[in-house]
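Please look over the sequence and the model first.

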Amino acid sequence: QAKICRHGENRRCRAAELPGGYDQRFYFIRDVRVPDPNRMIQCYQQSTATLNMLRALAQGGYVDLCRVHEFSLEFTRSSDQAKRYADIAERIEGALAFMEACGVSSDNAEFRQAEFFFSHEALLLPYEESLTRLDQQTGQYYATSSHMLWVGDRTRTVDGAHIEFLRG
């Protein structure tokens, strides 16, 4: 019987301790938790595909505030959140009607599209370094793996390499 350990838990189960790192596989079995760089590449490719899909939805009118009552929320119909969502949707609709009355057109792209930003912990320095680029015009380096990299419990050693990397 394999114990499933959650992300962030100590990697210690039944007097056995296994390595963590980027290989966050579910099963706590020594033979399965061998680091594999190909899994990192697969994760990158899947993340890219997911982000591209989200961008397409955000830019393609799926988040159009003028259609707030058309969003499919079947999963909330029987929940406590359904009434709350309906109330918020009514308030959005009222605000849009007020703005139209004031001469602000809802045909504006700001009402039909959304910007979103991504963040993750700068856990794997070789990964972050490989996605760091030099701006030829300014001479500044940019970490391009995310909009905002952050320091977490595993990376917050004040004089450590992660802090130095994120410091610039």
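A polar contact is a pair of N or O atoms within 3.5 Å; within protein, one must be able to donate a hydrogen and the other to accept it, and residues adjacent in sequence count only if both atoms are side-chain atoms. The model is predicted, so local features need pLDDT of at least 70 and side-chain atom pairs pLDDT 80 or more, while totals for chains, interfaces and linings use all residues. Residues are numbered from 1 along each chain as its sequence is written, and side-chain values use heavy atoms, without hydrogens and water.

Q: Which residue's side chain is joined to that of E121 by a polar contact?
A: E121 lies in strand 3, residues 119-121 (strands are DSSP runs of E, at least two residues, and helices are runs of H or I, at least four, both numbered from the N terminus). A polar atom of the E121 side chain also lies 3.4 Å from the backbone nitrogen of G152. The side-chain pair is 3.1 Å apart, and the partner of E121 is T155.

Q: Is E121 buried or exposed?
A: Buried means under 20% relative accessible area, exposed over 50%, and partly exposed in between, with a 1.4 Å probe and protein chains only. E121 has 13% relative accessibility and therefore counts as buried.

Q: Which element gives the most to the lining of the second largest pocket?
A: Lining residues have an atom within 4 Å of a pocket point, on a 1 Å grid over the protein atoms alone; a pocket is an open set of points where a 1.4 Å probe fits, with protein on both sides within 12 Å along at least five of seven lines. Among the lining residues are Y141, Y142, A143 and F165. Strand 5 (141-143) and helix 5 (161-167) each give two or more residues. With three residues, the top contributor is strand 5.
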